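User: I am new to this structure and would like to learn how to read its features one at a time. Could you show me the structure and then take me through it?

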Amino acid sequence: MNDYILEMKNITKEYPGVKALDNVNLQVKHGEIHSLVGENGAGKSTLMNVLSGTIPFGQYTGDIIYNGQKCEFRNIHDSEKLGIVIIHQELALIPELTIAENMFLGNERKTALGYIDWTETYRAAGEEMKKVGLKETPDVLIKDIGTGKQQLVEIAKALSKNVKLLILDEPTSSLNEEDSKMLLDMLLDFKKQGLTAIIITHKLNEVAYVSDRITVIRDGSTIETLDNSDHKINEERIIRGMVGRELTSRYPEREHNISDEVLFEAKDWTVYHPIYTDKCVVKNVSFKVRRGEVVGFSGLQGAGRTELAMSLFGKSYGSKISGKEFINGKEVHLKNERDSIRHGLAYVTEDRKTNGLVLSDTIARNTTMARLEKVTGFCNVVNENKEKEVAEEYVKAMRTKTPSISQDVGNLSGGNQQKVLLSKWLFADPDVLILDEPSRGIDVGAKYEIYCIINEMVTQGKAVVMISSELPELLGMSDRIYVMNEGRMVGELETKDATQEKIMSIILKSDKE
Amino acid sequence: MKVSTFIKKYTMVLALFVVFVFFSVLTGGRMLLAQNISNLLLQNAYVLVMACGMLLCILTGGNVDLSVGSTLCLSAASAGQVMAHGGSMGMAILVALVIALIIGICQGFLIGRVHIPPFICTLAGMFLYRGIARAVLDSQTVSIQDESYLNLFTSYIQIPGFDVRRHCTSALITGIVLAVLITLIFVYNKRKNGGMSKGSMIKIAIIDALIVFYGYKLSQYQGIPVMLLWILGIVLIFGFLTQYTAFGRYFYAVGGNEKATKLSGIDPRKVYFWAYLLMSVLAGFAGLLVSARIGAVDGNMGNSYEMDAIASCFIGGASAYGGSGNIGGVMIGAILLGVINQGMSIYGLPDQWQYVVKGAVLLTAVIFDVVSNHKTGKS
């Protein structure tokens, strides 16, 4: 009996023109948590799609050996039957259905007569939910619970399918630190009960914390498998494998050249929920951003940071907005997004797919979208040659990996989409750029490049507001950090005095007030 | 270019060619008679015109306008009644277009600002305007006698002394001049952007040949129809709008991702507003064309015309989810439908079977579109 639950041998998958996977090998032991790391587009998700049968047998070459048996999965049902369950980065839950309905979707509990047994459905759902520590009742709608809890529902759903090998694709990318920690601890708990898991993640501290072994993939090939049984692996060691070179620093240096001039200011900003108009989501928030400064915004999920940013950006969120907004010392009343862009304030969304990009349009068209008038001439006619030049320029500056600027953005990997999104807003040429989770779900190499771009902006005398749930990133990049909790501003720190512990304690203290 | 990608790219053009040849053979060449060639576009003028507007609606997210058949009838009815009561041609056209404009503003406002789902809003409009049109007509058929009105839309360009009924050489000359012009512009552009490929040379040669052939056929039957110029004008304007202007690009953006579009400083409400406004105005204009061609207006005019416009868009490759499609493709779709219609009529296929064939063609086109996009699309 060998101790591998899963062996993937010499997996090769070609798309027209690209070799997505080139003789990849992956070996996972019984009862371990195995991390799969690599840059965006390295082939991690493709490999998992091969394993789960999303890419059916025949469309790749190589062998999958699961529990000593050679497997040929033709679809997801084949792999699920054997207890291999994949949870994708974009959760596959239906917002308008209840937790229980979602949990047994496609796997309904039926009576002898073939119709759905609701009593059994809700009873079984409750049972699985207990295992993941969900205290909601099974009849709550998915849209009424947070992302963190939705993630738990996905896991409970996997458990209900008798999972033996659980694959999690970026499970914590949209969770804050607290929820992430909880999720990882839960996985460690399941591990003790004999569950095997493969985790794809970009968060290296989590990799070190949770995994027993780590496989590094780069450009479609396996680079190495590292042992981490003592959970002490050096993050720099993993990065070296991923990018093939040593990154000297994860946060690029910049000259701190902050002038006294206040470029943007908000005073007593208050926002109510757009639908439940008596629920206050941002309460009397005031803050300042100086020319040449990177200001970080820290806080837990639901602290109101995104709501604050979007409401400042031409009232694109909320109702009953009150307070004052100043750009360059002058009070402005931004009616809508367009007005905001014209005044030099831009907001880069945290959700590039839903709110950021037109995935069915080309890179060129997306790049110019927020300020199309810069490439239009007489009668609003778009100068396509000029547009092409601009797009080429940004692709080069950002090092966006793409065959051409006429590629649809939907065909790019996450990190490259993020670069296009940033290009779009840099092209809009704002003085104040609000970045909402700019490095979510992208790899270290791309992160570093995005940090460099932020640095360049502030050296040009602009200002950047960075909302982030990753504390190391905030500490590494910002000059000053504001802390928000439950819609209120609860603290302000100079970065040189700030630590992760201090920020967390500010948040926790404010909870008690 | 590989054969498979070529076929994928020009599927509908090839389909059009095959269908045309098929019907030409089936009808023993009657399809190719000058009169039939000339009538092909004129008979389908309403589809060609309305499909331009319908494309805008569909681009915004697969939304359609079901009311256009009724709008067409109402505007035609108003024009007819104005003239029947002694109004001038100018008056009639003005009244018809203003009515269409008002309908467009109302629907655009309701859909864009009030967020009434387009399907429901225009379904209501379909009943509403049909009813009003019948009321305007007093349930009668109104015939149009005004010569200047009929001439404005249905006459043929014949240069006195130069053209005679069956030998309107001016049409042929125009065709040749046009072909030469297109070739020159094409060569100039290619020179500027470097290099002509063999494929594009063949393409331009085929286009030239078709234009000259069309001009020749027109010259054998009364010359260039004025209505053709109207159609061409509309199609060119809308082709230009959608392809080359910022205004046109917003329709694609909204259909691709409305939220992202809004956050980029483009107001989707305005985009919806303009789509439905332009659609209604085009429907009104199509009303003028159809009424002039038939020479009379009745309460059933334009029945199910909306479906022809919608079908052309989908056959022409517009996405049922919005965000993609272009005027060129839609025109091919419309002409394909037209060829099938005309071919079946000439052949004398019974009405019931004509419906079956049209349905099958639409379904095949959309299935093909979905399947081929799925394969070439995301991994």
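Analyst: Let us start with a definition: buried area is the accessible area (1.4 Å probe) that two parts lose on being put together, summed over both. This is a predicted model, in which local features need pLDDT of at least 70 and side-chain atom pairs count only at pLDDT 80 or more, while totals for chains, interfaces and linings use all residues. Residues are numbered from 1 along each chain as its sequence is written, chains are lettered from A in the order in which they are written, and side-chain values use heavy atoms, with hydrogens and water left out.

User: How much area do chain A and chain B bury between them?

Analyst: The size of an interface is often given as the accessible area lost when the parts come together. Here chain A and chain B bury about 2,100 Å², with 51% of it on carbon and sulfur atoms. Counting contact as heavy atoms within 4.5 Å, 30 residues of chain A touch 22 residues of chain B.

User: How many salt bridges are found across the interface of chain A and chain B?

Analyst: Side chains of opposite charge can pair when their charged atoms come close. The rule asks for a side-chain nitrogen of Lys or Arg within 4 Å of a carboxyl oxygen of Asp or Glu, and across this interface it finds two salt bridges. Glu337(A) pairs in this way with Lys262(B), their closest N and O atoms being 2.7 Å apart.

User: Which helix of chain A gives the largest share of the side that touches chain B?

Analyst: Helices are DSSP runs (H or I, at least four residues), numbered from the N terminus. Helix 11 of chain A gives the largest share, four residues.

User: Which residues lie nearest the centre of the second largest pocket?

Analyst: A pocket is an open set of points on a 1 Å grid over the protein atoms alone, where a 1.4 Å probe fits, with protein on both sides within 12 Å along at least five of seven lines; lining residues have an atom within 4 Å of a point. Of the 28 residues lining the second largest pocket, those nearest its centre include Glu337(A) and Lys262(B). Helix 14 (268-294) of chain B gives the most to this lining, with six residues.

Methods:
Helix = DSSP H or I, 4+ residues; strand = E, 2+ residues; numbered from the N terminus.
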